[in-house]
Amino acid sequence: MITCGIVGVTGYAGMELLKLIGKHPEFTLVRAMSDSSTGLTLAQLYPWLEIEDLTLEPFRVDALDDIDVIFLATPSGVSAHYVTQLTEYEGVVIDLSGDLRLPASSYETWYGKPAVPASLQAQAVYGLTEWNRDAVRSANWIANPGCYATAVALGLLPFVNGGWIDPNEIIVSACSGITGAGKGLSAKTHHARSNENVQLYKIHTHQHIPEIEQTLYAVSGTQATVSLSTHLLPINRGIMATMSVVPTLEQSEADWVDALRQAYADEPFIRVQQGEPEIRTAVGSNYCDLWVYLDQRTNRLTIISVIDNMQKGAAGQAIQNANVRFGLNETAGLNEQPQYI
Ligand SMILES: NC(=O)c1ccc[n+]([C@@H]2O[C@H](COP(=O)([O-])OP(=O)(O)OC[C@H]3O[C@@H](n4cnc5c(N)ncnc54)[C@H](OP(=O)(O)O)[C@@H]3O)[C@@H](O)[C@H]2O)c1
């Protein structure tokens, strides 16, 4: 069995990792690490989960020798604190925060906090599995992508990479369930304010904007600019990103659907759908569902991408990356169906 540790096990992404590792045929959790709740047991914390019981312990770098892979499910800035202590660690580090995703100057501009040393960030491979699988296979440090960044990049990449759209005419409107903000309560996420409401936030300043542009460039060599608006929805989980772009090729809607299908033909977690998009087709699973429509009147394409923010947008993709890194079947432990009603 491949031994795992989770740091930040009391958070939303930490709990999702627990569930996925608990059902995984090849992974076993041997260390549950927590800053706030050391001494509690997993059974006390999550009595409804059928998982191996462990006592939560503080992070100690000298106690990681028996761990093959450590998942950092901690906020940006906090992961940085752990990452700098892991330079001698010989296992695999998968960080779910933004701390290893961007070079220092971009990180400090968009996150407004000090970046990890450039030499550490440079070691990390960006874990958008479908587009960086070969690098993930041999990576010891993996920067797991952000939730909006995953949904948007998976939708745009075939089109930008193929040169099928104008890279300077990309407008994205995306919305997320409340769990995307983590378990900490804020005025915005308080039930009284978020329920029966839709809130636009971080207008044109969301930290996933540079991550998306960087990914589009890394894969395609095309410098694209993305205008992204992010909204908070009064639902628990799920992301829907609606992308409006200008095609550079004249072809029918059926041809666009076909092109998207071909781009992802061998991908177990990417499904090209038809009909009216809805968030529930992916929520609860590691799928990314994509749709593409041609608006002939305005000559624009509308691409829609739907994921579960805590699965494909966080813990699911982290497990997918770990599967690739350890040479396992990429879908191992990730066979949950969407919670569609
Ligand atoms: N939620 C999502 O949909 C999602 C999607 C993609 C990526 N992510 C990323 O995954 C990471 C975890 O997200 P999350 O939603 O699970 O967050 P969360 O619910 O707020 O949990 C974060 C956990 O980190 C630990 N922590 C340690 N120091 C902390 C500090 N100073 N402030 C707050 N928490 C601290 C806490 O666990 P202990 O006390 O047990 O250590 C806390 O429960 C973040 O970097 C987030 O950006 C989340």
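**A strand within its sheet**

Guide: Of the contacts in the protein with a separation of 6 or more, 70% are between residues 24 or more positions apart, where contact means heavy atoms within 4.5 Å. This is a predicted model, in which local features need pLDDT of at least 70 and side-chain atom pairs count only at pLDDT 80 or more, whereas totals for chains, interfaces and linings use all residues. Residues are numbered from 1 along each chain as its sequence is written, and side-chain values use heavy atoms, with hydrogens and water left out.

The secondary structure comprises 11 helices and 13 strands; these are DSSP runs numbered from the N terminus, helices being H or I of at least four residues and strands E of at least two. With a radius of gyration of 19 Å, close to the 20 Å that the globule rule gives for 341 residues, the protein is as compact as a globular protein of that length. That radius is taken over C-alpha atoms, and the rule is 2.2 Å times the number of residues to the power 0.38. The C-alpha trace spans about 60 × 45 × 40 Å along its principal axes. Of the 341 residues, 55% count as buried, a term for under 20% relative accessible area, with exposed meaning over 50% and partly exposed the range in between (1.4 Å probe, protein chains only).

Because five of the seven residues of β9 (residues 226-232) are buried, the strand is largely enclosed by the rest of the structure. On one side is β7 (residues 170-176), which pairs with β9 in the parallel sense over seven bridges; two strands are said to pair if DSSP finds at least two bridges between them. Within this pairing, Val-172 stands opposite Leu-228 of β9. The other partner, β8 (residues 199-201), runs antiparallel to β9 and is joined to it by three bridges. Gln-199 stands opposite Leu-232 in β9, and Tyr-201 has Thr-230 of β9 as its bridge partner.

These pairings belong to an open sheet of seven strands, in the order β8-β9-β7-β10-β13-β12-β11, with mixed pairing. The edges are taken by β8 and β11 (270-272), each with a single partner strand, so one side of each has no neighbour in the sheet. On average, neighbouring strands of this sheet are turned by 20 degrees against each other, direction ignored. Axes are lines fitted to C-alpha atoms, for helices over the stretch in contact, and angles run from 0 to 180 degrees between N-to-C directions. Helix α7 (residues 147-161) packs on the sheet, with β9 among the strands that it touches, and its direction makes about 35 degrees with that of β10 (239-245).

There is a further sheet for reference. Six strands form this open sheet in the order β2-β1-β3-β4-β6-β5, and the pairing is parallel. Its edge strands are β2 (27-33) and β5 (125-126), each pairing on one side only. Strand β1 (residues 2-7) pairs with β2 in the parallel sense over six bridges, and in β2 the bridge partner of Gly-5 is Arg-31.
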